[in-house]
Amino acid sequence: MKTIIFIGTNKSGSSREAIKAAEQLGYFTVLFTKNERQIQQREEYNDVHEMIYVDTGNFSEMKSVINKLKQKGHDIKTIVSFLDSTVRIASLLCEEFCQNCTSSKAIQIMENKEETRSFLKEKSYTPKFFIIKPGESIDTINEKMNYPLIVKFPKSTGSKDVIYAANKSELNKHTVSLQEKNPGEPMIVEEYVEGKQYLVEAIVHNNKIMIAGIIEQDIIRGRRFIITGYGVLVEPPVHLKNRIEKLLDSVVSKFNIKNGVLHLEFRNTSKGLKLIEINPRISGGAMNSMLKAAFGYNLVEETLKLFLGETPSLERKEKNHVYTQYLIVTKKGILEKVTGRNRAQKSEGVVEVYIKPRKGARLTPPLSLGHRYAYVIAKGKSIDEAKRHAKNAANEITFHLKEDTN
């Protein structure tokens with residue numbers, strides 16, 4: 001029985017779509033999860049042929065379960081994860097049980113922002129940064145860095161614990177707060193760079209870099225930096241594309257990636273591109289769906305082909321201008337109902353509407369990307385038109401909240 005094991009998944013988005021793609025490719029799908037809710041909602045995961053409750057952070061425990069699966073006749077073709085927290089452990093398990101096409105060492109470095117910054121510190125695209133070890137004073141930063149600054153934890157994901165400091169007073173406040181939250185952990189303080197922010201999705205196959213998409217990001221800066229809009233660039237400006245290709249070449253070469261999947265976030269500044277972060281996986285959320293709407297290929301399916309030792313293809317079947325608008329709330333509350341979904345779905349240019357929370361869920365203004373509660377994907381004759389369609393449809397959706405008394 002040809003089997004693919006997935007280490008963790010979200011209920012929707014790229015990680016879930018990868019499981020669906022594996023099923024459509026004819027593989028038996030096994031999901032390792034430590035999420036009790038997923039076990040309770042087992043009937044909602046029809047694309048998962050076998051769901052196993054296991055500590056997905058425990059290497060030896062998962063090894064034991066995999067050996068039992070093999071004894072039952074499962075021919076395990078690959079072990080993968082599309083989640084931040086389990087990409088590396090999936091790669092290590094793949095090395096143990098099947099032919100691993102990716103680099104666990106590169107994944108390990110990319111997972112940690114401190115290691116990534118240090119690894120690329122000599123590169124012109126690395127922002128100026130400073131590492132504060134536990135117990136160290138931040139006084140030396142004032143002599144070496146100019147404000148504004150960004151302070152964050154090396155292992156933060158989804159914009160959690162990434163905070164803007166306009167001056168010394170704010171830096172002091174934020175570092176104290178973060179140190180109280182995670183004592184014993186280092187922090188990164190780095191220069192804040194101005195410029196439009198972009199994301200690039202890429203697959204590397206036999207040292208050849210294939211760009212799956214270049215996406216312009218719209219960001220709001222409240223208590224955290226939250227990306228609320230993504231515009232897929234069908235034909236990015238030549239000078240921007242050339243800069244991105246050089247950046248990718250440098251990163252892939254430095255990490256010695258022969259085969260792998262990654263996405264980079266960066267800002268286009270007056271001094272060239274400045275790297276914000278690297279992740280050794282496809283972006284989550286709506287990314288796979290928006291690239292499918294734009295170009296007609298299924299990036300998670302092509303990723304699985306890479307992991308299976310096959311040749312991925314990013315040949316464009318379509319060329320559509322696509323924009324994705326995410327929805328957030330501006331106050332806390334308990335969700336009573338959501339209205340406007342059908343109107344949004346019927347709006348001009350709309351490809352997909354997704355609403356995450358159920359009745360009774362606690363919603364909050366965003367402190368991470370996980371606090372985005374819906375999205376609308378729309379097409380248009382231009383990126384501006386696609387953006388207009390997505391925003392118009394998103395405006396139809398309303399979250400009705402009652403006061404949270406807890």
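Mentor: Rings of Phe, Tyr and Trp (its six-membered ring) pair if their centres lie within 6.5 Å, and planes under 30 degrees apart count as stacked, over 60 as edge-to-face and the rest as tilted. Tyr230, Tyr326, Tyr354 and Tyr375 form one aromatic cluster. This is a predicted model, in which local features need pLDDT of at least 70 and side-chain atom pairs count only at pLDDT 80 or more, while totals for chains, interfaces and linings use all residues. Residues are numbered from 1 along each chain as its sequence is written, and side-chain values use heavy atoms, with hydrogens and water left out.

Trainee: Why is the aromatic pair of Tyr164 and Tyr192 called edge-to-face?

Mentor: The structure holds eleven aromatic pairs. In the one formed by Tyr164 and Tyr192 the centres are 5.1 Å apart, which is within 6.5 Å, and the planes stand at 90 degrees, which is over 60, so the pair is edge-to-face. Both Tyr164 and Tyr192 are buried, meaning under 20% relative accessible area, whereas exposed means over 50% and partly exposed lies in between (1.4 Å probe, protein chains only).

Trainee: What makes Lys254 count as sitting over the ring of Phe119?

Mentor: The charged end of Lys254 is 4.8 Å from the ring centre of Phe119, and the definition asks for NZ of Lys or CZ of Arg within 6 Å of that centre and within 35 degrees of the ring normal.

Trainee: How do you know that the buried residues of H8 line one face of the helix?

Mentor: Leu171, His174, Thr175 and Leu178 are buried in H8. Seen down the axis, the buried residues of H8 fall within an arc of 100 degrees, so they line one face, the arc being that of the directions from the helix axis to the C-beta atoms.

Definitions and conventions
Helix = DSSP H or I, 4+ residues; strand = E, 2+ residues; numbered from the N terminus.
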